[in-house]
Amino acid sequence: MKKHIAVLAGDGIGPEITNGGIAVLEAVAKKFGHAFTFEPLLIGGCAIDATGGPLPRETVDRCLAADSVLLGAVGGPKWDRLSGEIRPEKGLLGIRKAMGLYSNVRPAKLWKALADASPLKTPLVENGIEIIVVRELTGGIYFGKRGSFEDGACGETAWDTEQYSVTEIERITKIACELARKRSKRIVSVDKANVLESSRLWRRTVHSYAEKHYPDVAVSDMLVDNCAMQIVKNPAQFDILLTSNMFGDILSDEAAQVTGSIGMLASSSLGDGTRGLYEPIHGSAPDIAGQNLANPIATILSCAMMLRDSFGLIEECGAVETAVARVLEEGYRTADIFSAGMKKVGCRKMAELIAERI
Ligand code: IPM
Ligand code: MG
């Protein structure tokens, strides 16, 4: 199979971790007889430096022409003081929107070999954890109207709006229901319906859509504050969490840490077609950038998701996941998941070890 992959390395540790992902994809291509080509493109802070904006037109055009997109991370202190419109993060939001990627799937799983990396006590994690956050990605407060004004009495005042339509809620509910059918057939839909009008529409729409089209899937609701607490109190109760854009952003970081390290958590972003964007859920970690310290596993597992969800290469996806599990079982650890008695390795070595085991 021939596939062309756009690579948006971005900032901070982005180049190191995407190199790790490419090394593993190359090993997959070799082993299974595929031909993958990679095209580096600018996004985020490095794009601002080179072109004046975080998302050059060329990046959008080339991503839309590619079979799929691999992304590292964007942002860093160098660009923190820029205005909202030219911040690095605007590039990431822009490419998600331009590619129509409304569905973001983030599987937080406790790897057997990493059971003691979870900050939770053993009884809470001993039966394993696998929470899949299905996050709406192109709507809500991230994309709602915003502004600021000078209020005579109170000074500078800023506002953002959370807005959702039935269409947006239905299409992400469909994604969660399809996934639920392959798993436990249970979804917990997260909202703040006791306060927000948009959440009341969310709740009503999720139920009416699921009941009509997926009567075999059980949907229950949880308020976001309670959900944040339940993830640390009893994470094993969850299978699929269906969330709005912002709630999913927050809860996926929490779920990641509960399962050991945010350096392990992959994601896929898809729309109606098979062209997706795959990225680790963590950020650009400027404090460790360029030091060969980052954990490339979240990016490598994102590549595994690309193989499966964009290219339909199920066996190849499994090979990557098995290689990751083996390297962990053999005791190799990057700094973020290191514990006494394990073998500490850098970003490059970790990717190499995984590639060798494909
Ligand atoms: C994520 C990140 C992004 C988001 C930022 C960098 C814009 O936190 O992918 O979780 O909030 O979506
Ligand atoms: Mg986030």
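I'll start with the lining of the second largest pocket: by class, nine nonpolar, six polar and twelve charged residues. This is a predicted model, so please take everything that follows as computed.

Staying with that pocket, the space inside the second largest pocket comes to about 550 Å³. Its lining is made up of 27 residues. Nearest the centre of the second largest pocket are Glu-89, Leu-92, Leu-93, Arg-96 and Tyr-142. Which element gives the most to this lining? That is α4, with seven residues. The elements that each supply at least two residues here are β3, at 68-73, α4, at 88-98, and α9, at 245-258.

Now the other one. The largest pocket holds about 770 Å³ of space. There are 31 residues lining the largest pocket, and those closest to its centre are Val-105, Leu-179, Met-305, Arg-308 and Asp-309. Five elements can be named for this lining, each giving two or more residues: from the strands, β4 at 103-109, β5 at 130-136 and β11 at 268-270; from the helices, α6 at 166-182 and α10 at 297-309. β4 provides the largest share, five residues.

And what is the make-up of the lining of the largest pocket by class? Here we have 15 nonpolar, seven polar and nine charged residues.

Key. Residues are numbered from 1 along each chain as its sequence is written. Chains are lettered from A and ligands numbered from 1 in the order in which they are written. This is a predicted model: local features need pLDDT of at least 70, side-chain atom pairs count only at pLDDT 80 or more; totals for chains, interfaces and linings use all residues. Side-chain values use heavy atoms; hydrogens and water are left out. On a 1 Å grid over the protein atoms alone, a cavity is a set of points where a 1.4 Å probe fits but cannot get out, and a pocket is an open set with protein on both sides within 12 Å along at least five of seven lines; lining residues have an atom within 4 Å of a point. Grid points are joined across faces, edges and corners, and a volume is the space filled by probe spheres set on the points. Helices (H or I, at least four residues) and strands (E, at least two) are DSSP runs, numbered from the N terminus. Ala, Val, Leu, Ile, Met, Phe, Trp, Tyr, Cys and Pro count as nonpolar, Asp, Glu, Lys and Arg as charged, and the others, Gly among them, as polar.
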